[in-house]
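Here are my notes on the model you sent over. Have the structure open while you go through the points.

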Amino acid sequence: LDVSMDMWSYFYTCLVSIWLHRFYIYSAVAFGISLWIAIQFTTTRTKRKKSYGNPSSPKRTADKLGNGCAPPQAQEVHVAGVKIFYGSQTGTAKRFANALAEAVTSLNLPVEVINMEDYDPEDSLAEETSSRNICVFLVATYTEGQPPESAAWFCKWLEEAANDFRVGKSILQGLRYAVFGLGNSAYVDHYNTVGRRMDRCLWMLSASRIMTRAEGDCNVARSKHGSIEADFEAWKAKFLTRLQALCKGEKKPCSGKCKKGKCKSSGKQSKESSDHEHGTSEHDNTEAEELFKTSSEEEAGGTDSVIDVEDLGNIMGYMEKAKVLLLEGVWNAAGAERREMITPALREALTKQGYKLIGSHSGVKLCRWTKSMLRGRGGCYKHTFYGIESHRCMEATPSLACANKCVFCWRHHTNPVGTEWQWKLDQPEVILQEALEKHQNMIRQFKGVSGVKAARLEEALAVKHCALSLVGEPIMYPHINRFVRLLHQHGISTFLVTNAQFPEEIRRLEPVTQLYVSVDASTKESLRRIDRPLFKDFWQRFLDSLKALAEKQQRTVYRLTLVKAWNVDEVKAYADLISLGKPDFIEVKGVTYCGESSASSLTMANVPWHGEVVSFVQELARLLPDYGIACEHEHSNCLLLAHSKFQVDGEWRTWIDYGRFQELVREHERSGGSRTFTAAEYTARTPRWALFGARERGFDPLDVRFQRKNKARDISGC
């Protein structure tokens with residue numbers, strides 16, 4: 001028993017001693033572990049240095065392959081591949097995705113291009129958290145800040161997941177991504193909203209950016225690099241540099257502001273960075289800056305410096321030169337050099353469509369009715385309604401830019417958009433000279449063509465009419481009055497079309513032969529859906545434009561385009577708008593289907609039959625006691641309502657006395673504008689065959705109607 005007690009006493013004493021000295025024991029264990037870790041780290045580092053110092057080392061050779069990217073057989077794979085997701089409406093994002101894929105392939109990396117429409121994020125996106133792939137998202141912003149149809153579900157799921165408390169906020173942890181948004185800064189409220197929302201949602205779900213979101217801008221004047229293509233190329237170069245760094249195992253996050261491949265990011269990105277709004281692009285111009293500086297650096301350095309009298313003349317000279325350059329459209333208000341409206345990509349697209357481009361913002365194109373009348377196959381509706389000679393009409397524009405993106409645009413939205421003039425400015429004399437030369441060259445190409453009448457070919461070389469309705473918004477051109485005067489001096493009548501978004505420009509416009517306003521809808525919501533205007537106050541601008549039209553003394557026209565299921569049920573509202581603008585004439589035309597376009601949902605089902613257009617016009621005429629149905633052009637699916645003041649002694653006088661108009665406009669110019677004239681002073685009698693109800697249905701009996709068989713229809717023309 002005594003032995004047992006002694007052993008217990010000894011054991012107890014040891015335990016107490018250990019407990020009392022436990023701190024020293026813990027310290028010894030910690031020191032031993034730290035020493036072991038240090039030895040292991042030093043040994044591994046020494047081996048690695050030896051391996052990289054040997055040029056013939058297998059690992060060193062492997063790291064040199066694929067532009068710095070480790071091949072699949074490497075021991076550790078940092079980037080398994082790249083998946084490029086795109087959401088596109090017009091095909092630009094898809095084109096960029098394919099270009100990026102080609103560049104990534106050159107780095108010996110697997111790459112996959114995926115249409116968001118064919119991908120279910122709910123089932124598949126979470127798998128990318130452990131795949132070691134880099135996910136790239138190229139997504140466009142469409143109407144009203146919405147995603148393209150092909151990306152609608154992808155974006156919807158992403159936003160719902162980011163805002164649903166039931167979904168874990170770490171669901172995408174481990175996914176590495178980059179976002180490139182496509183948009184147009186002319187749409188101020190919705191610029192690149194889809195790309196921004198996608199970037200934010202991915203970040204909220206714990207995905208990791210490999211570089212800051214980039215934004216491409218279709219607005220040439222505001223684009224950081226001059227065009228959306230250039231924006232993409234600049235971002236692509238940065239992305240490839242960052243990708244190669246990731247392939248080498250560099251884990252430092254990139255701010256997207258790399259210089260020469262060396263990222264200077266702080267390694268952290270705040271939530272605010274994902275919400276960064278697009279600011280005004282700054283384009284440095286050395287000469288511009290110099291002209292606005294003082295002539296002495298010393299003078300510029302002090303806050304209370306005094307300018308010598310000798311230097312004052314130099315400074316005033318600089319400022320005077322700057323003022324001239326601003327007025328001539330060489331610079332913008334910020335002192336930076338203006339950019340050309342037509343980018344290389346746009347020039348290529350418009351040239352393929354048959355445009356003859358002039359300078360940096362103008363164009364001319366041969367109308368199909370010009371070709372038709374050269375062959376004696378009939379003229380356009382303007383020939384029927386107003387007596388123009390279609391073969392002597394030049395279709396042109398001094399501004400390819402527009403403030404709308406109408407659903408029925410038969411240019412398929414290839415032209416630029418904008419709310420104000422922000423591009424380089426060509427002089428009207430140069431534009432007109434080149435327009436006439438290019439038009440005449442296109443006419444000469446018909447010499448010897450079967451069916452072309454020699455007399456009309458000769459007449460066509462002398463342009464008599466100009467339809468300023470080719471594309472875009474001609475009234476945006478700052479020198480539009482000078483351009484119109486030049487046309488009149490050449491004996492050319494002017495038919496100018498505006499989209500009713502520039503009321504002040506309408507008021508300042510000098511007399512033209514006939515001024516059109518496109519009235520595509522009669523309510524605010526339908527106008528928003530059909531014209532898709534850029535201006536926030538588009539409806540007030542629309543109404544003010546109609547009021548400005550009522551102030552004009554020369555011929556004015558409302559142009560109504562009927563789109564089934566969009567605006568054909570708004571007869572009463574149209575009648576109210578007509579009482580506001582009091583136009584001389586109202587053209588009502590069924591929409592022309594221009595073929596399938598990714599930028600528009602319009603189909604043949606939206607094109608009204610001619611009988612439906614006639615019924616609409618008859619119903620509208622019943623609501624307008626001061627107007628009557630004057631003319632019809634069945635071939636163009638178009639009718640003309642005219643004010644009763646153009647019906648004299650029971651005869652309609654909708655045609656124009658072009659010689660008399662030129663006399664009146666010359667008197668107006670010689671008097672400095674004091675001699676005014678009205679639409680009633682240059683009317684001419686409308687022939688019977690052009691009247692509504694005539695058996696010719698608006699087709700000139702002097703020509704022979706040609707019926708096409710099994711041939712695609714040419715839809716060009718005004």
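1. Start with helix α18 (residues 480-489): 7 of its 10 residues are buried, so the rest of the structure largely encloses it. Buried here means under 20% relative accessible area, exposed means over 50%, and partly exposed is in between (1.4 Å probe, protein chains only). Helices (H or I, at least four residues) and strands (E, at least two) are DSSP runs, numbered from the N terminus.

2. A word on the source: this is a predicted model, where local features need pLDDT of at least 70 and side-chain atom pairs count only at pLDDT 80 or more, while totals for chains, interfaces and linings use all residues. Residues are numbered from 1 along each chain as its sequence is written, and side-chain values use heavy atoms, with hydrogens and water left out.

3. Which residues of α18 are buried? They are Ile-480, Asn-481, Phe-483, Val-484, Leu-486, Leu-487 and His-488. These residues pack against α16, β10, β11 (493-498), α19 (503-508) and α24 (658-670), with contact meaning heavy atoms within 4.5 Å. Just after α18 comes Gly-491, with a positive phi of about 75°.

4. Now the sheet. It is open and mixed, with 10 strands in the order β7-β8-β9-β10-β11-β12-β13-β14-β16-β15. At the edges sit β7 (356-358) and β15 (627-633), each pairing on one side only. On average, neighbouring strands of this sheet are turned by 25° against each other, direction ignored. Two strands pair if DSSP finds at least two bridges between them; axes are lines fitted to C-alpha atoms, for helices over the stretch in contact, and angles run from 0 to 180 degrees between N-to-C directions.

5. For a closer look at one pairing, take β9 (residues 393-397) and β10 (residues 465-468), which run parallel over 3 bridges. Met-394 has Cys-466 as its bridge partner in β10.

6. Two helices are worth checking against the sheet. Helix α16 (residues 428-444) packs on it, touching β7, β8 (362-365) and β9, and its direction makes about 165° with that of β7. Helix α23 (residues 610-622) lies across β13 (555-562), β14 (585-590), β15 and β16 (638-643), running at about 15° to β16.

7. Is Asp-703 buried or exposed? It is buried, with a relative accessible area of 5%. Asp-703 is in the segment after β20 (683-684). Leaving aside neighbours within four places in sequence, the contacts of Asp-703 include Arg-377, Lys-453 and Arg-456.

8. Please look at two backbone angles too. Most residues other than glycine have a negative phi. Asp-649, in the loop between β17 (647-648) and β18 (651-652), has a positive phi near 55° and is exposed at 77% relative accessible area. Arg-697, in the segment after β20, also has a positive phi, about 55°, and counts as partly exposed at 30% relative accessibility.

9. On the record side, an unreviewed UniProt entry lists residues 23-41 as "transmembrane region". UniProt positions are in the numbering used here, feature names are shortened, and annotations may be inferred rather than shown by experiment. In the model, that span is 100% helix and 0% strand, with its end C-alpha atoms 27 Å apart.

10. Of the contacts with a separation of 6 or more, 75% join residues 24 or more positions apart.
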